[in-house]
Amino acid sequence: MGTLVKLILASVCAFLAVRWTAPRFNEESLRGVRVLVTGASTGIGEQMAYHYARFGAQIIITARREKVLQQVAEECLTLGAQKALYIAADMSSESEPNKVVEFALEELGGLDYLVLNHIGPSPFSMWEGDVDHTKWLMQVNFFSYIQMAWKAMASLEQNKGSLVIVSSLLGKMSSPFVAPYTSTKYALNGFFGVLQHELAMKKSNVSVSLCTLGLIDTESAMAKVKDITTIPPYPTKDAALRIIQTGATRQLELFYPWFTQIVTLSKDWFEPKTFSKKTPTE
């Protein structure tokens, strides 16, 4: 039996073991909880807001487009949210991420869940030396995350809360055409992976869930890859629910769809190798 086949079988067994032993998700545990969801005007963030609403949560949503946020908040109230408020914010600003958390703490009186999901736009193309864009994207996709996490940490600690980080398979393995985006996701995984350890060492009440997503059928993702890949995308609504369940059960990590975990374990078979020319010997 080949090494790759053995690895796949071992990964499947590990996946099944985790699924069977994972804590059971209880919808009632989310009734009345106070949640801040970022990147909630569309895609996964929007669907997470709707799920939390159906579970009867109190929700603050944020993104850049105020009119769209208003529509999402109104739909959340229709679906059963106990409270649904919104605040428009630009995560490329150094001050606005903190203002969003301050708004949530003031309006809700604290936080039980901080779900960080927002991303900035980035071209799907080879990197041609645009350092300024990479710096800008790092602020949006990484630095704003750690700003908001720290700003909310005291409240999450007091309320035995959860920090949920939405990341990507591209933060686990390299792929062409997405250098700036991939760098931000590697940064997220590294930082919050360390934070998981440090909070555990301090016996903190705060759980950190890192969510690694594969190709999801969001409008923005499909617009970039529709003519490039034949890999079937997975549904946004289901991805959003799995993220919520992972945070609610305080699991350390989510891989969605499930085979993304196998891909990360076997990435050495897929990433390019560097070959050097042999120097002729006499």
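D112 and R34 are both buried (under 20% relative accessible area, with exposed meaning over 50% and partly exposed in between; 1.4 Å probe, protein chains only). These two residues join their side chains in a salt bridge with an N to O distance of 3.1 Å, a salt bridge being a side-chain nitrogen of Lys or Arg within 4 Å of a carboxyl oxygen of Asp or Glu. Helices (H or I, at least four residues) and strands (E, at least two) are DSSP runs, numbered from the N terminus.

The model is predicted, with local features requiring pLDDT of at least 70 and side-chain atom pairs counted only at pLDDT 80 or more, whereas totals for chains, interfaces and linings use all residues. Residues are numbered from 1 along each chain as its sequence is written, and side-chain values use heavy atoms, leaving out hydrogens and water.

In total, 4 salt bridges are present in the structure. One of them pairs E102 with K151 at 3.1 Å, N to O. Here helix α4, which carries E102, is linked to helix α5 (residues 131-158), which carries K151, across a separation of 49 residues. E102 is partly exposed at 37% relative accessible area, and K151 is likewise partly exposed at 34%.

A further salt bridge connects K172 and E253, whose closest N and O atoms are 3.0 Å apart. K172 is located in the loop between β5 (162-168) and α6 (179-201), and E253 in strand β7 (residues 253-256), 81 residues apart. Relative accessibility is 22% for K172, which counts as partly exposed; E253 is partly exposed at 34%.
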